[in-house]
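Me: Please take a close look at the aromatic pairs in this structure, then move on to what surrounds them.

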Amino acid sequence: MIIYFKKILEASPKLYLAHFNLAVAYQELEFKDEAISSYKEAVNLHPNFADAFLNLGLILEDSENSDEALIYLEKALEIDPENPVILNNLGITMKSLERIE
């Protein structure tokens, strides 16, 4: 699957959904660094893509990088303030950082 997304990106490097899908594929294979890089490219290309910000925050939290995860989860919430998945994961991250008010 990864090879197909890479081929798509060779032809259309600014296709944010291909970067997102490549990140998901990397994440499923537990290639965290590659997934993080691809999610970051997706959000750079489409700064209102809440799902990419959410997934990026989740993988960073899973990588024990809660401070950076918080930044991306807050951006996801800014884009989609009623999303219960974002709200839940933001709460989990804030708890891990002991920032619950």
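Reply: A search of the whole structure finds 5 aromatic pairs. Here rings of Phe, Tyr and Trp (its six-membered ring) pair if their centres lie within 6.5 Å; planes under 30 degrees apart count as stacked, over 60 as edge-to-face and the rest as tilted. Tyrosine 26 and phenylalanine 31 have ring centres 6.2 Å apart and planes at 55°, so the pair is tilted. The model is predicted: local features need pLDDT of at least 70, side-chain atom pairs count only at pLDDT 80 or more, and totals for chains, interfaces and linings use all residues. Residues are numbered from 1 along each chain as its sequence is written, and side-chain values use heavy atoms, with hydrogens and water left out.

Tyrosine 26 counts as buried, at 9% relative accessibility. Phenylalanine 31 is partly exposed, at 39%. Buried means under 20% relative accessible area, exposed over 50%, partly exposed in between (1.4 Å probe, protein chains only).

Ring pairs also link Tyr16, Phe20, Tyr39 and Phe49 into a cluster. Tyr39 is one of the buried residues of α3, together with Ala35, Ile36, Ser38, Ala42 and Val43. These cover an arc of only 170° around the axis, which puts them on the same side of α3. The arc is that of the directions from the helix axis to the C-beta atoms. An α-helix has 3.6 residues a turn, so residues three or four places apart point the same way. On the other side of α3, Asp33 and Asn44 are exposed. Helices (H or I, at least four residues) are DSSP runs, numbered from the N terminus.

Terms used: Helices (H or I, at least four residues) and strands (E, at least two) are DSSP runs, numbered from the N terminus.
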